[in-house]
Amino acid sequence: MLAVALQDLRLEPGDRFLEVGACTGYLCALAAWLTGRQVTGVEIDWSLVRETGPRLAQAGADVWLPARDAERGLPDGTWDKITASFAVPSIPASWLHRLAPGGRLRTTINGGAPGWHATALVQRGIAGALTGTLTAELWGHVPSRRVGWLPVPSPPDGPGRTRCAVLPPPAHTQRGFWVAVGHLLPGVRRYWDPAGSGEVVLVGADGSRAVIAPDGATASEWGRAACGRSPNGSTTAGLAPVGRRSTNWS
């Protein structure tokens, strides 16, 4: 992924380069060699910065590595090439504001759904206009600490509400469609079916779900049941059949 990032950015000698989420600084060291100048890597983990800085200096890599939360803002100045080594649900406006005319920005877009990644590649024209592409990918960076992964769903307790004649769901190979679903229906993602039945399982962030037959002939739906109290006093919540308008995908 690091090599592909460098190819997409098209680094040239003299470019002002910034990596968001620099981690060990490996990509920054490569960028410093390609640009022939000092580059910047932002890392939120203070302990990692303390360990990485001396190692980069010992290797002769000209890298400035400040410790800060890049999702709250980038260092002052503008940058010709910006890349993020973690995924975000959408590109922060503060990143775009720091992109210089003629510059390129690359990051993974992911709302926390494992397996459904996209690469955003944004360019700022000489006149200042922004253009970009969003490409569904098989691989991508993990989400930022602020977002994290959506939880693994628990199985339903019983049969759900079943309805007939829904649209046949696109295959999992239609990655662009499923990436779009995660953004158009926030918190909803396609869940990988371990049984290999071909059914499509859509899961909401609250645990609600829809199970759609491969041919679209039937769809069963469950919603998050109301919380209750068990005999020992603990709070319980399960899944129950839902009405037609009770889920994001109805």
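User: Which residues of helix α1 are buried?

Analyst: This is a predicted model. In it, helix α1 covers residues 2-9, and its buried residues are Ala5, Leu6 and Leu9.

User: Why do they line one face of the helix?

Analyst: Look down the axis of α1. The buried residues fall within an arc of 95°, so they line one face. The general rule is that an α-helix has 3.6 residues a turn, so residues three or four places apart point the same way.

User: And which residues are exposed on the other side of α1?

Analyst: Ala3 and Gln7 are exposed there.

User: What follows α1?

Analyst: Arg10 does. Its phi is positive, near 55°.

User: New topic. How many aromatic pairs are in the whole structure?

Analyst: A search finds three. One of them is Trp116 with Trp178: the ring centres are 6.5 Å apart and the planes sit at 40°, so this pair is tilted.

User: Where in the chain are Trp116 and Trp178?

Analyst: They are in distant parts, 62 residues apart. Trp116 is in the loop between β5 and β6 (117-124), while Trp178 is in helix α5, residues 175-184.

User: Are those two buried or exposed?

Analyst: Both Trp116 and Trp178 are buried. Trp178 has 5% relative accessibility, and the cut-off for buried is under 20%.

User: What about the rings of Phe177 and Trp178?

Analyst: Their centres are 4.9 Å apart and their planes are at 90°, so that pair is edge-to-face. Phe177 is partly exposed, with a relative accessible area of 41%.

User: Which residues form the aromatic cluster?

Analyst: Trp116, Phe177 and Trp178 form one cluster.

User: Back to charges. Where does Arg175 lie?

Analyst: Arg175 is in helix α5. It is buried, yet it has no salt bridge.

User: Which side chain of opposite charge is nearest to Arg175?

Analyst: That is Glu137, 7.4 Å away. A salt bridge needs the side-chain nitrogen of Lys or Arg within 4 Å of a carboxyl oxygen of Asp or Glu.

User: What lies 3.0 Å from a polar atom of the Arg175 side chain?

Analyst: The backbone oxygen of Glu137 does. For Arg175, then, the picture has two parts: no salt bridge, but the Glu137 backbone oxygen at 3.0 Å from a polar side-chain atom.

Key
Residues are numbered from 1 along each chain as its sequence is written. This is a predicted model: local features need pLDDT of at least 70, side-chain atom pairs count only at pLDDT 80 or more; totals for chains, interfaces and linings use all residues. Side-chain values use heavy atoms; hydrogens and water are left out. Buried means under 20% relative accessible area, exposed over 50%, partly exposed in between (1.4 Å probe, protein chains only). Helices (H or I, at least four residues) and strands (E, at least two) are DSSP runs, numbered from the N terminus. The arc is that of the directions from the helix axis to the C-beta atoms. Rings of Phe, Tyr and Trp (its six-membered ring) pair if their centres lie within 6.5 Å; planes under 30 degrees apart count as stacked, over 60 as edge-to-face and the rest as tilted. Lys and Arg count as positive and Asp and Glu as negative; His and the chain ends are not counted. A polar contact is a pair of N or O atoms within 3.5 Å; within protein, one must be able to donate a hydrogen and the other to accept it, and residues adjacent in sequence count only if both atoms are side-chain atoms.
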